[in-house]
2 protein chains.
Amino acid sequence: MDSTFVVGIDVGGQTSKIGVVNARGTVLAQTVIRTDTYDQVEPYIAELAEAVKKLIAESGTEGKVRGIGVGAPNGNYYTGTIENAPNLPWGRSRVEFSKLLSEAMGGLPVALTNDANAAAVGEMTYGAARGMKNFIMITLGTGVGSGIVINGEVVYGHDGFAGELGHTAAVLNNGRTCGCGKTGCLEAYASATGVARTAREWLELSDEPSVLRNLDTIASKDVYEAAKEGDKLALKIFEFTGKILGRSFADFIAFSAPEAIVLFGGLARAKEFLTAPIEEAMNANVLSLWKNKVKVVYSELKESDAAILGASALAWEL
Amino acid sequence: MDSTFVVGIDVGGQTSKIGVVNARGTVLAQTVIRTDTYDQVEPYIAELAEAVKKLIAESGTEGKVRGIGVGAPNGNYYTGTIENAPNLPWGRSRVEFSKLLSEAMGGLPVALTNDANAAAVGEMTYGAARGMKNFIMITLGTGVGSGIVINGEVVYGHDGFAGELGHTAAVLNNGRTCGCGKTGCLEAYASATGVARTAREWLELSDEPSVLRNLDTIASKDVYEAAKEGDKLALKIFEFTGKILGRSFADFIAFSAPEAIVLFGGLARAKEFLTAPIEEAMNANVLSLWKNKVKVVYSELKESDAAILGASALAWEL
């Protein structure tokens, strides 16, 4: 094992991060290319393959790379395709991503899935979920993503798209419109975007004093900073967000009875404000057999490496 | 395969049904004993084993029975135990069911799970889910049970109790109190009991004429009969029930992306009134990638045999 390596690629809307990783989960070398300067997939894949080859050469791992794991929006594990990815200029129709990349890499095997599933595999292989066979990964970023692991395997479902827990109902009546077009989705409340929306909404609906009133635009990071300074409104926003998350987690537990729920992503940095309301609402809404039994834990992967590590972990299974 | 057999046992609150089943899913012989006349598990198991042995002898399958599958309330697949089963006088504390029965049967292997999981295995082995690797079984009886199949395997979760979808939130504010002690559970609305509650609630809250007003007590069967006669209130009750189910199914789909949702149980008999509102609400609440893609189908097992068949199917996996 020590003498083989994998490549992890995290395809984001703006950039694609590439890393060479060893079996202990150390990123030996990494680089980045633009994602958003290509309208067509072929030239993008050509540059991506060049960058991977160069990185392998630089890290002295030629001939020892077992495979490539890729995390990408709407990546389908079964088919190796990316389809209908609104944030990828070249990925709006159906793209045979794994096949194209494998060909460009001289036949090296490629495994693809979406970013949240990749994060779950990463956490299971190198992080907070090591040794766990049943857990749910929730990524709290711009959106809310999820990767569900049952019996040690990521759940892909009938079509490869399972695990869209960000689009389950958190609010049933008069819910906010979500980016997906539905209303009341968990993502519309419990993402970084959702927290900023809550702040703007509450500032408008009340006269409550808050340092947030002094800002021209509000991002979730501002709410976090305000909460750290003890701003009461900001604290209440995290209380509300945590409660929404915990109530949803209770239903997720009823589905797959996980050992833990693992949180990851920019918003998860606010754990000192989120953990208590999450656990309270979760335990208030589960069947008694699960009360105080399911752990809420946070990613243990270094944030700058996490996306690459998650994607790379897929490749160990090739 | 043709020359081996399995035994299926459905442990209910009042009676336990026992059947000898062949590989085609034909119940060759069946019998029944009381469940509710025993305070202690030992004498119950002794009579159960006697009845099984007698049935095996009568059906001429001695020496050809591969194992015993049991579906029972709160049956735990991992541990073979029944615990905290409020409707089983001898099952209120922890009972080593599989071990006791196997010993009483001279070491014949015994597999145990809850009734809804057994129903899912039955449907996958002999019924509407044959050939499916990803589906969700929903049992609409006195309560709402569920058995989730992912990649051809029942989901048991970390503790063996996964798949309690009847206790996910169908109503978030001012929901009805459920038998489990929580409020707003799907089971409080979409079970046979829930339908009767809806009827009683609506009769009290409106003056709308309905044949249901003439009845002293109302069961879901009465609502069904009234709907068949065209009673408007009864029809609206099924519309409401189907909508609640469909909206919940949309969230279940986001979890495991099943090929189908399979409905079973007494209330599922009202399919002519339930299917349209279920499908409408389900498709209105899923992400667009699943719209009109997930089938809603009904059990194909003969109702009198279904519980035995479901339990028996477990034993083929022993």
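Tutor: Let's start with a term: a salt bridge here is a side-chain nitrogen of Lys or Arg within 4 Å of a carboxyl oxygen of Asp or Glu. Some ground rules too: this is a predicted model, where local features need pLDDT of at least 70, side-chain atom pairs count only at pLDDT 80 or more, and totals for chains, interfaces and linings use all residues. Residues are numbered from 1 along each chain as its sequence is written, chains are lettered from A and ligands numbered from 1 in the order in which they are written, and side-chain values use heavy atoms, with hydrogens and water left out.

Student: OK, how many salt bridges are counted between chain A and chain B?

Tutor: The general idea is that side chains of opposite charge can pair when their charged atoms come close. Between chain A and chain B, the count is 0. Over all chains, the structure holds 16 salt bridges.

Student: What do the two chains share instead, and how many residue pairs are in polar contact?

Tutor: A polar contact is a pair of N or O atoms within 3.5 Å; within protein, one must be able to donate a hydrogen and the other to accept it, and residues adjacent in sequence count only if both atoms are side-chain atoms. Chain A and chain B have 14 such residue pairs, both residues at pLDDT 80 or more. On the chain A side, strand E7 (144-150) and helix H7 (232-256) each supply at least two of the residues that touch chain B. The largest share, 6 residues, comes from H7(A). Those element names are DSSP runs, numbered from the N terminus: helices (H or I) have at least four residues, strands (E) at least two. By type, the chain A side divides into 23 nonpolar, 9 polar and 7 charged residues. Ala, Val, Leu, Ile, Met, Phe, Trp, Tyr, Cys and Pro count as nonpolar, Asp, Glu, Lys and Arg as charged, and the others, Gly among them, as polar.

Student: How do I read the interface area, and what is buried between chain A and chain B?

Tutor: The size of an interface is often given as the accessible area lost when the parts come together. Here that loss is computed with a 1.4 Å probe and summed over both parts. For chain A and chain B, the buried area is about 3000 Å², with carbon and sulfur atoms giving 65% of it. In chain A, the residues that lose the most area to chain B are A:His158, A:Leu172 and A:Phe255, together 24% of what that side buries. As for contacts (heavy atoms within 4.5 Å), 39 residues of chain A meet 39 residues of chain B.

Student: Let's zoom in. Is B:Ser256 buried or exposed?

Tutor: The scale first: buried means under 20% relative accessible area, exposed over 50%, and partly exposed in between (1.4 Å probe, protein chains only). B:Ser256 counts as buried because its relative accessibility is 2%. This serine sits in helix H7 (residues 232-256) of chain B. Beyond neighbours within four places in sequence, B:Ser256 contacts A:Val155, A:Gly157, A:His158, A:Ala162, A:Phe255, B:Ile136 and B:Ile150.

Student: Back to charges: which residue forms a salt bridge with B:Lys295?

Tutor: That's B:Glu259, with the closest N and O atoms 3.2 Å apart. The pair links distant parts of the chain, 36 residues apart: B:Lys295 is in strand E10 (residues 295-298), and B:Glu259 is in the loop between H7 and strand E9 (260-264). B:Lys295 is partly exposed at 39%, while B:Glu259 is buried at 16%. Then look at A:Lys53 and A:Glu50, whose side chains meet at 3.9 Å, N to O. These two are separated by about one helical turn, because A:Lys53 and A:Glu50 are 3 residues apart in helix H1 (residues 41-58) of chain A.

Student: And where is B:Asn174 found?

Tutor: In the loop between E8 and helix H4 (187-190) of chain B. Phi of B:Asn174 is near 55 degrees, a positive value in a residue other than glycine. B:Asn174 is exposed, at 82% relative accessible area.

How values were computed: Buried area = accessible area lost by both parts, 1.4 Å probe.
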